[in-house]
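Biologist: I'd like to learn how to read a structure like this one. Can we put it on screen and go through it feature by feature?

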Amino acid sequence: MSTNFYIAVAWIVTFVSLALYSLWVIRRGRELSRRVPEEQRRWM
Amino acid sequence: MTTEPAPQRPVPTSTGSRVTHVLGIASLVGLAELVLFGLVISPADAQLGETIRILYMHVPTVSVAYLAFVITAVASVAYLWKRTEFWDLLAASAAEIGVLFFALTIFNGMMWGKVTWGVYWRWEPRLVTTTVLMLTYVGYLVVRSIPTDPRTRGTVSAVIGIMAVVNIPITHKAVDWWRGLHQSRTIFGTVDPEMRGTQLFATYLGLLVFMVLFAWLLIHRFRVAWLAERAADEGLRGALAERRAEGGATA
């Protein structure tokens with residue numbers, strides 16, 4: 001395999017992992033927001 | 001004279017806020033710029049060749065991981081002192097993000113190792129200490145996932161969070177203390193002094209962008225953890241009310 005292959009894998013895995021984790025965090029936040037009373041959802 | 005009622009702030013329906021929107025947009029713009037500078041504009045290095053482009057991911061991810069673990073340690077100390085939920089959840093949120101970034105650091109390092117050394121992994125000093133550091137924080141997250149009362153969980157994990165941070169300087173200095181294959185430090189001491197122009201810019205840009213992304217993730221992850229605690233309280237309250245209603249019906 002060429003050097004460019006390993007560079008591409010490193011960048012793609014990093015970006016995709018961070019994107020998937022971010023998506024999970026955002027979705028979990030939305031889901032939990034629906035289960036928690038309004039008065040406890042006030043962000044500073 | 002009548003006074004106008006103060007305008008009500010809208011109730012958030014997610015973990016987002018004005019601050020996270022700004023940080024999120026800044027992260028996206030920064031990541032696009034990093035792709036441009038890291039993969040297109042900056043030239044190959046005289047010594048490292050094209051593999052320097054892997055270091056544009058490796059250096060920022062390890063920096064964020066170290067920062068996250070230090071935040072975990074500081075928040076753990078604050079928790080043992082103040083005993084408030086805020087510090088406990090902050091420590092846990094930072095540790096989880098730190099583990100993700102550290103896993104990516106190891107993965108990028110393996111890609112670099114394959115090109116440079118011909119193998120993905122060598123049991124040399126830096127990689128041994130890195131493995132110990134990673135396992136310690138995975139252990140921290142495992143301990144937090146054990147069902148127990150929040151105070152016990154907070155105390156035990158705070159002690160681990162404080163002890164684990166000692167591994168960071170050991171891992172960081174491993175390349176100086178023991179002879180190994182890993183190249184010498186590139187951050188906190190030298191962002192390679194030979195580095196110039198767009199290479200140096202891409203390195204610092206990566207550091208900045210990943211720090212902003214980390215701040216964005218940490219705020220969201222903390223709020224998720226906080227909401228999860230409230231949801232658990234609500235669930236418990238609901239179950240108790242149901243039990244009471246059942247008791248009243250049978251009496």
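Biologist: What percentage of the residues of chain B count as buried?

Modeller: Ground rules before that. This is a predicted model, where local features need pLDDT of at least 70, side-chain atom pairs count only at pLDDT 80 or more, and totals for chains, interfaces and linings use all residues. Residues are numbered from 1 along each chain as its sequence is written, chains are lettered from A and ligands numbered from 1 in the order in which they are written, and side-chain values use heavy atoms, with hydrogens and water left out. Now, buried means under 20% relative accessible area, exposed over 50%, and partly exposed in between (1.4 Å probe, protein chains only). Of the 251 residues in chain B, 45% are buried.

Biologist: How many helices and strands does chain B have?

Modeller: Helices (H or I, at least four residues) and strands (E, at least two) are DSSP runs, numbered from the N terminus. Chain B has 7 helices and 0 strands.

Biologist: Which residues form a nonpolar patch on the surface?

Modeller: Patches take residues with over 30% relative accessible area and no salt bridge, joining like charges within 9 Å and nonpolar side chains (Val, Leu, Ile, Met, Phe, Trp, Tyr) within 5 Å. Accessible areas come from the Shrake-Rupley method with a 1.4 Å probe, and for residues only the protein chains shown count as cover. Here the patch is Val35(B), Leu36(B), Leu39(B), Val40(B) and Ile41(B), together about 390 Å² of accessible area. One of them, Val40(B), belongs to helix 1 (residues 18-41) of chain B and is exposed at 58%.

Biologist: And salt bridges: how many does the structure hold over all chains?

Modeller: Side chains of opposite charge can pair when their charged atoms come close. The rule wants a side-chain nitrogen of Lys or Arg within 4 Å of a carboxyl oxygen of Asp or Glu. Over all chains that gives 8. Take Arg35(A) and Glu31(A), with closest N and O atoms 3.6 Å apart. They are 4 residues apart in helix 1 (residues 3-35) of chain A, so about one helical turn separates them.

Biologist: Which parts of chain B does the pair Arg153(B) and Asp88(B) tie together?

Modeller: That salt bridge has its closest N and O atoms 3.5 Å apart. Arg153(B) lies in helix 5 (residues 150-164) and Asp88(B) in helix 3 (residues 85-116), so the pair links parts 65 residues apart in sequence. Both residues are buried. Then there's Arg221(B) with Glu96(B), at 2.6 Å from N to O. Arg221(B) is in helix 7 and Glu96(B) in helix 3, so this pair spans 125 residues of sequence. Shared partners also join Asp88(B), Arg144(B), Arg153(B) and Glu229(B) into one salt-bridge network.

Biologist: How many salt bridges does the rule find across the interface of chain A and chain B?

Modeller: It finds 0 there. Buried area is the accessible area (1.4 Å probe) that two parts lose on being put together, summed over both. Between chain A and chain B that is about 3,500 Å², with carbon and sulfur atoms giving 75%. The contact takes 30 residues from chain A and 46 from chain B.

Definitions and conventions
Contact means heavy atoms within 4.5 Å.
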